Amino acid sequence: MQDLIFDLIDNEYKRQSEGLELIPSENYVSPAVLKAMGSILTNKYSEGYPYFNGIGCGRADDPDFTEWSESEIAEKILPNYRYYGGQANVDRIERLCIDRACRLFHANHANVQPHSGAQANNAVYFAWLSPGDTVLGMALPAGGHLTHGAPVTLSAHIYNFVGYGVTEDGDIDYEEMERLALEHQPKLILVGYSAFMKIPDFARIAKIRDQVSAKSGHEVLLMADMAHVAGLIAGGVHPNPLDFGFNVMTTTTHKTLRGPRGGLILSNGNVASPLKKPEKTLANIPILIDRAVFPGTQGGPLDHVISAKAVAFGEDLQPEFKKYAENIVKNAKTLATELQNLGFVLQGGGTDNHLILIDVKSSFGFDGKVYEKALDMVGLTLNANSLPHDKGPAFRPSGVRLGTPAITTRGLGVKDMKTLALWMKKVADICADAVASIDSTAQPNTYPTPTSHKATSAPRHPEDILDNYSAELETIKKEVRDLALKFPVPSL
Ligand SMILES: Cc1ncc(COP(=O)(O)O)c(C=O)c1O
């Protein structure tokens, strides 16, 4: 009898195939990435690094190293720093992965071992900061990420996070950033986000860092968490912070980069043996990061995932990936315009990247949770999201966030964005009807309530009565399915 887990995987394949994925942090990996990820490399333990004296851990300023071809990297036997035997193949795989990552992002050094984006960020904090040190990053309500100092995280218990916000038109509030930077004199300035639709002015931020260094007399690490836009950077349609004097860039590998779930840390500086504790200077940041990932915050690397990262980076280096990155942005801009034409209010007035944040409350008067649920019922998946200065509770925010990386991988183009916008408007109209039909005396609560099959008593939230609209929703769902099935989900 087949394990139930495989039935559920089959069901998930059907769900992914028949719907359209609009969550901006998701994507579909290639069959080659899937194959590497599901390989026997998962059997291996390889704590440590595939290099011993710096050679093989990045592109460095070592002229010999930069001349190596991929086949040379794969062939050369080099000393390693590992705690287990049997490393011949995984050493070569990890070196190739590092080399491809460095080429993709013009970095001296890449640590490809972080298990996730959160692990990557925590390792950088641990590499550079001491407990109590100050970090200046984008505030969570402004579009920043949980790992940038949300009080519920471990890092917020260790370090002192100060948050900058965004302006009315949705850009970073650079004046506030500068003011807070000079006031708090942080050890680390962080640019990164999960709901921000503009292109950061990296040169301006680098100048703010220089001002803080000059005023405080201490070195300030400039870090970019580009988890969302790394694929756009790799594809050449978004500036690269490392080209503007940033010391470190972290990213997830599974969003626009279209690799397996995981993290990656790129940095510029000296590459050398991680065995010897270096002085804590910006120049030594690559070595400090290696020590902070292992043994600082992680144990053994996931060799099957590292091999899949290497395969994905190989794909990202191909000319077709540039086209893909261009199409992501083209689709996002077209979808944003179509939505605006239909009366949707967008945070920041549109998008310059792959992300769109709809102010559902201002557009239609109901919250993002209702809209997320109704769209899910027609096979359009996205997430409810807070807006800057959102007055709604975190479980019931006023917006929804969506993006185009996954649908662009499926092959949808600009003409499909009009259809998508029309479906979204029809679903919004259904939600508006549901809201209007609710007994005005019903008391809403703050937490999501289970969906009733058929609303018989006074419902507390509009999503509780969406089943009453199942015929209308089913018609849209069928149209979504018909289009989605024309664009198969890549699989083995
Ligand atoms: C900007 C940013 N940083 C870090 C992370 C965390 O990545 P992970 O979920 O892999 O830990 C995310 C994930 O959404 C993110 O958007």
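Analyst: **Sheets, helices and domains**

Let's begin with an open sheet of seven strands, which has mixed pairing and the order β4-β10-β9-β8-β7-β5-β6. Its edge strands, each pairing on one side only, are β4 (109-111) and β6 (160-164). From one strand to the next, the twist averages 20 degrees. Please keep in mind that this is a predicted model, in which local features need pLDDT of at least 70 and side-chain atom pairs count only at pLDDT 80 or more, while totals for chains, interfaces and linings use all residues. Residue numbers start from 1 along each chain as its sequence is written.

Helices (H or I, at least four residues) and strands (E, at least two) are DSSP runs numbered from the N terminus. Two strands count as paired if DSSP finds at least two bridges between them. Angles run from 0 to 180 degrees between N-to-C directions, and axes are lines fitted to C-alpha atoms, for helices over the stretch in contact.

Within this sheet, strand β9 (residues 248-252) pairs with strand β10 (residues 263-267) in the antiparallel sense, over five bridges. There, T250 has I265 in β10 as its bridge partner. Helix α9 (residues 202-216) lies across β7 (188-192) and β8 (221-225), and runs at about 165 degrees to β7. For contacts such as this one, two residues touch if their C-beta atoms, placed from the backbone, lie within 7 Å. The loop between α8 (174-184) and β7 holds Q185. This residue is not glycine, yet its phi is positive, near 45 degrees.

Next comes a helix pair. Helix α6 (residues 117-128) and helix α11 (residues 285-297) cross at roughly 115 degrees, and their axes come within 8 Å. On the α6 side, Q119, N122, A123, V124, F126, A127 and W128 take part, and they meet I285, L288, I289, A292, V293, G296 and T297 in α11. That contact divides into ten nonpolar, four polar and no charged residues. Here Ala, Val, Leu, Ile, Met, Phe, Trp, Tyr, Cys and Pro count as nonpolar, Asp, Glu, Lys and Arg as charged, and the others, Gly among them, as polar. Helix α11 also contains P295, and a cis peptide bond with omega of about 5 degrees joins F294 to P295.

Now for the other sheet: an open one of three strands with antiparallel pairing, in the order β11-β14-β13. Its edge strands are β11 (355-359) and β13 (383-385), each pairing on one side only. The twist here averages 35 degrees from one strand to the next. β11 and strand β14 (residues 399-403) share five bridges in the antiparallel sense, and I356 is partnered by L402 in β14. Across β13 and β14 lies α15, which runs at about 170 degrees to β13.

α15 leads us on to another helix. Helix α15 (residues 368-377) packs on helix α17 (residues 414-437) at an angle of about 120 degrees, with the axes 10 Å apart. The two are therefore oblique to each other (under 35 degrees is roughly parallel, over 145 roughly antiparallel, 65 to 115 roughly perpendicular, and the rest oblique). V370, Y371, A374 and L375 in α15 meet V427, A428, I430 and C431 in α17. By class, the contact of α15 with α17 has eight nonpolar, no polar and no charged residues.

α17 also packs with helix α13 (residues 319-341), at about 40 degrees and with axes 9 Å apart. α13 and α17 are therefore oblique too, and their crossing is right-handed. K330, N331, T334, L335, E338 and L339 in α13 meet V414, M417, K418, L420, A421 and M424 in α17. This contact of α13 with α17 has seven nonpolar, two polar and three charged residues.

Finally, let's step back to the domains. The assignment gives domain 1 (31-316) and domain 2 (321-484), with bounds that come from an automatic or database domain assignment. Their contact takes 25 residues from domain 1 and 26 residues from domain 2. On the side of domain 1 that touches domain 2, α10 (230-234) and α12 (303-316) are the elements giving two or more residues. The largest share of that side, three residues, comes from α10. That side of domain 1 divides into ten nonpolar, nine polar and six charged residues.

Note on methods. A crossing is left-handed if the near helix is turned anticlockwise from the far one by less than a right angle, and right-handed if clockwise.
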